[in-house]
Amino acid sequence: MLDFKQEIAKKIAKVIEVSEEEIKLGIEKPKEEKQGDYAFPCFRLAKVLKKSPQIIAEEIKQKIELKDNLIEKIEIVGGYLNFFINKEILAKTVVEEMQEKNEEYGKSSLGKGKNIIVEYSSPNIAKPFHIGHLRTTLIGHALYNTYKYLGYNVVRNKSLRRLWNTIWKNDRRI
(Lines give C-alpha, C1' and ligand atoms only; values in the text may rest on other atoms or scores of the structure.)
Protein backbone atom coordinates (compact mmCIF):
# COMPACT_ATOMS: atom_id res chain seq x y z
CA MET A 1 0.00 0.00 0.00
CA LEU A 2 1.08 3.52 -0.66
CA ASP A 3 2.77 5.00 2.43
CA PHE A 4 1.26 8.48 2.59
CA LYS A 5 3.46 9.45 5.52
CA GLN A 6 6.57 8.61 3.47
CA GLU A 7 5.22 10.53 0.48
CA ILE A 8 4.63 13.62 2.64
CA ALA A 9 8.16 13.29 4.06
CA LYS A 10 9.57 13.18 0.49
CA LYS A 11 7.68 16.32 -0.48
CA ILE A 12 8.87 18.23 2.59
CA ALA A 13 12.46 16.98 2.16
CA LYS A 14 12.54 18.45 -1.37
CA VAL A 15 11.71 21.86 0.10
CA ILE A 16 13.97 21.91 3.18
CA GLU A 17 17.37 20.42 3.85
CA VAL A 18 16.38 17.69 6.29
CA SER A 19 16.45 13.95 5.63
CA GLU A 20 13.24 12.13 4.74
CA GLU A 21 13.72 9.77 7.68
CA GLU A 22 13.96 12.62 10.17
CA ILE A 23 10.91 14.32 8.69
CA LYS A 24 8.93 11.07 8.73
CA LEU A 25 9.70 10.64 12.44
CA GLY A 26 8.27 14.11 13.06
CA ILE A 27 5.02 13.55 11.15
CA GLU A 28 2.15 12.74 13.46
CA LYS A 29 -1.59 12.08 13.44
CA PRO A 30 -3.63 15.12 14.53
CA LYS A 31 -5.83 14.68 17.59
CA GLU A 32 -8.93 15.80 15.73
CA GLU A 33 -10.04 14.58 12.32
CA LYS A 34 -10.88 18.11 11.17
CA GLN A 35 -7.17 18.98 11.48
CA GLY A 36 -6.24 16.63 8.65
CA ASP A 37 -4.82 13.16 8.20
CA TYR A 38 -1.20 14.01 9.04
CA ALA A 39 0.51 16.94 10.70
CA PHE A 40 4.10 18.12 10.56
CA PRO A 41 5.21 20.34 13.47
CA CYS A 42 7.67 23.02 12.42
CA PHE A 43 8.83 23.84 15.95
CA ARG A 44 12.08 21.86 15.76
CA LEU A 45 12.99 23.58 12.52
CA ALA A 46 12.54 26.99 14.15
CA LYS A 47 15.75 26.57 16.15
CA VAL A 48 17.78 25.55 13.11
CA LEU A 49 16.33 28.00 10.60
CA LYS A 50 15.97 30.81 13.16
CA LYS A 51 12.44 31.62 12.03
CA SER A 52 9.07 31.25 13.68
CA PRO A 53 7.28 27.92 13.12
CA GLN A 54 4.40 29.80 11.46
CA ILE A 55 6.73 31.38 8.85
CA ILE A 56 8.48 28.04 8.21
CA ALA A 57 5.09 26.36 7.70
CA GLU A 58 4.07 29.10 5.23
CA GLU A 59 7.32 28.74 3.26
CA ILE A 60 7.02 24.96 3.05
CA LYS A 61 3.37 25.18 1.99
CA GLN A 62 4.21 27.62 -0.81
CA LYS A 63 7.09 25.51 -2.15
CA ILE A 64 5.62 22.02 -1.82
CA GLU A 65 4.43 20.32 -5.02
CA LEU A 66 0.92 18.90 -5.15
CA LYS A 67 0.92 17.82 -8.81
CA ASP A 68 0.38 14.10 -8.12
CA ASN A 69 -2.92 14.75 -6.27
CA LEU A 70 -1.95 12.56 -3.29
CA ILE A 71 -2.56 15.51 -1.03
CA GLU A 72 -5.92 17.24 -1.34
CA LYS A 73 -4.93 20.34 0.62
CA ILE A 74 -2.53 21.70 3.21
CA GLU A 75 -3.58 23.96 6.07
CA ILE A 76 -1.44 25.81 8.58
CA VAL A 77 -2.54 25.83 12.20
CA GLY A 78 -0.11 27.44 14.58
CA GLY A 79 3.26 25.97 13.70
CA TYR A 80 1.79 22.84 12.15
CA LEU A 81 1.37 21.87 8.52
CA ASN A 82 -1.81 19.81 8.34
CA PHE A 83 -2.09 17.48 5.35
CA PHE A 84 -5.39 16.20 3.99
CA ILE A 85 -5.01 13.01 1.93
CA ASN A 86 -6.96 12.59 -1.30
CA LYS A 87 -9.64 10.10 -0.23
CA GLU A 88 -10.19 8.76 -3.76
CA ILE A 89 -6.53 7.77 -4.07
CA LEU A 90 -6.58 6.31 -0.55
CA ALA A 91 -9.68 4.24 -1.35
CA LYS A 92 -8.18 3.09 -4.66
CA THR A 93 -4.93 1.93 -3.01
CA VAL A 94 -6.82 0.12 -0.25
CA VAL A 95 -9.07 -1.70 -2.74
CA GLU A 96 -6.07 -2.65 -4.89
CA GLU A 97 -4.24 -4.02 -1.86
CA MET A 98 -7.32 -5.95 -0.75
CA GLN A 99 -7.62 -7.53 -4.20
CA GLU A 100 -3.91 -8.31 -4.31
CA LYS A 101 -3.66 -9.83 -0.83
CA ASN A 102 -7.11 -11.39 -0.76
CA GLU A 103 -7.57 -13.23 2.55
CA GLU A 104 -4.18 -12.04 3.79
CA TYR A 105 -5.29 -8.38 3.75
CA GLY A 106 -4.88 -6.81 7.17
CA LYS A 107 -2.82 -9.68 8.51
CA SER A 108 0.00 -8.58 10.75
CA SER A 109 2.93 -9.86 12.77
CA LEU A 110 2.12 -7.47 15.62
CA GLY A 111 1.82 -10.34 18.09
CA LYS A 112 4.70 -12.46 16.81
CA GLY A 113 6.34 -14.26 19.70
CA LYS A 114 3.66 -13.10 22.15
CA ASN A 115 1.21 -15.38 23.92
CA ILE A 116 -2.34 -14.57 24.83
CA ILE A 117 -5.14 -16.53 26.44
CA VAL A 118 -8.74 -15.94 25.42
CA GLU A 119 -11.13 -17.48 27.88
CA TYR A 120 -14.78 -17.68 27.06
CA SER A 121 -17.73 -19.78 28.00
CA SER A 122 -19.21 -22.66 26.17
CA PRO A 123 -22.88 -23.46 26.34
CA ASN A 124 -23.80 -25.33 29.51
CA ILE A 125 -25.27 -28.59 28.28
CA ALA A 126 -26.91 -29.21 31.65
CA LYS A 127 -29.12 -26.11 31.28
CA PRO A 128 -31.45 -24.89 28.55
CA PHE A 129 -29.59 -23.12 25.74
CA HIS A 130 -30.39 -19.42 25.26
CA ILE A 131 -29.11 -16.46 23.26
CA GLY A 132 -26.75 -15.35 26.07
CA HIS A 133 -24.73 -18.54 25.61
CA LEU A 134 -24.39 -17.90 21.90
CA ARG A 135 -23.39 -14.25 22.39
CA THR A 136 -20.48 -14.89 24.75
CA THR A 137 -19.29 -17.86 22.72
CA LEU A 138 -19.28 -15.80 19.50
CA ILE A 139 -17.48 -12.86 21.12
CA GLY A 140 -14.80 -15.16 22.53
CA HIS A 141 -14.36 -16.91 19.20
CA ALA A 142 -14.14 -13.56 17.36
CA LEU A 143 -11.44 -12.37 19.75
CA TYR A 144 -9.54 -15.62 19.24
CA ASN A 145 -9.67 -15.20 15.45
CA THR A 146 -8.63 -11.54 15.62
CA TYR A 147 -5.60 -12.18 17.82
CA LYS A 148 -4.60 -15.18 15.70
CA TYR A 149 -4.80 -13.01 12.55
CA LEU A 150 -2.52 -10.44 14.22
CA GLY A 151 0.16 -13.09 14.73
CA TYR A 152 -0.32 -13.89 18.41
CA ASN A 153 0.09 -17.41 19.74
CA VAL A 154 -3.44 -17.73 21.04
CA VAL A 155 -4.63 -20.29 23.54
CA ARG A 156 -8.37 -20.54 23.87
CA ASN A 157 -9.85 -21.73 27.06
CA LYS A 158 -13.49 -22.63 26.84
CA SER A 159 -14.89 -22.69 30.33
CA LEU A 160 -16.61 -25.96 31.09
CA ARG A 161 -16.65 -25.20 34.81
CA ARG A 162 -20.44 -24.91 34.93
CA LEU A 163 -20.84 -28.37 33.45
CA TRP A 164 -18.27 -29.79 35.84
CA ASN A 165 -19.99 -28.16 38.82
CA THR A 166 -23.39 -29.35 37.68
CA ILE A 167 -22.32 -32.96 37.25
CA TRP A 168 -19.85 -33.54 40.08
CA LYS A 169 -20.52 -31.01 42.83
CA ASN A 170 -24.25 -31.56 42.78
CA ASP A 171 -23.63 -35.29 42.63
CA ARG A 172 -25.55 -35.72 39.37
CA ARG A 173 -23.42 -38.25 37.62
CA ILE A 174 -24.37 -39.28 34.15
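Tyr152 is buried, at 17% relative accessibility; buried stands for under 20% relative accessible area, exposed for over 50%, and partly exposed for what falls in between, with a 1.4 Å probe and protein chains only. This is a predicted model, so local features need pLDDT of at least 70 and side-chain atom pairs count only at pLDDT 80 or more, while totals for chains, interfaces and linings use all residues. Residues are numbered from 1 along each chain as its sequence is written, and side-chain values use heavy atoms, with hydrogens and water left out.

Tyr152 has a ring partner. The ring centres of Tyr147 and Tyr152 are 5.4 Å apart and the planes stand at 85°, so this pair is edge-to-face. The criterion is as follows: rings of Phe, Tyr and Trp (its six-membered ring) pair if their centres lie within 6.5 Å, with planes under 30 degrees apart called stacked, over 60 edge-to-face, and the rest tilted. Tyr147 is partly exposed, at 28% relative accessibility.

The structure has two aromatic pairs. Phe43 and Tyr80 also pair edge-to-face, at 5.2 Å centre to centre and 75° between the planes. Phe43 belongs to helix H3 and Tyr80 to strand E3, so the pair ties together parts 37 residues apart in sequence. Helices here are DSSP runs of H or I with at least four residues, strands are runs of E with at least two, and both are numbered from the N terminus. Phe43 is partly exposed at 40% relative accessibility, and Tyr80 is partly exposed at 28%.

Next, charges over rings, where NZ of Lys or CZ of Arg must be within 6 Å of the ring centre and within 35 degrees of the ring normal. Lys73 lies over the face of Phe84, 4.6 Å from the ring centre. Arg156 lies over the face of Tyr144, at 3.9 Å.

Now the cores. A nonpolar core is a set of buried Ala, Val, Leu, Ile, Met, Phe, Trp, Tyr and Cys residues joined through side-chain atoms within 4.5 Å. Which residues have the most contacts inside the largest core? They are Ile8, Ile12, Ile23, Phe40, Ile60, Leu81 and Phe83, in a core of 24 residues. Two or more residues each come from H1 (4–15), E1 (38–41), H3 (43–49), H4 (53–63), E2 (71–77) and E3 (80–85). H1 gives the most, five residues. Apart from this core lies another, of five residues, including Val118, Tyr120, Tyr152 and Val154.

Leu81 touches, among others, Tyr38, Phe40, Ala57, Ile60 and Ile74, leaving out residues up to four places away in sequence; a contact means heavy atoms within 4.5 Å.

Glu97 sits in helix H5, residues 87–101. Glu97 is buried, with a relative accessible area of 12%. With the residues up to four places away left out, Glu97 touches Met1, Asn102 and Tyr105.

Last, the chain as a whole. The protein chain has seven helices and five strands. Of its 174 residues, 31% are buried. Among contacts between residues at least 6 apart in sequence, 53% join residues at least 24 apart.
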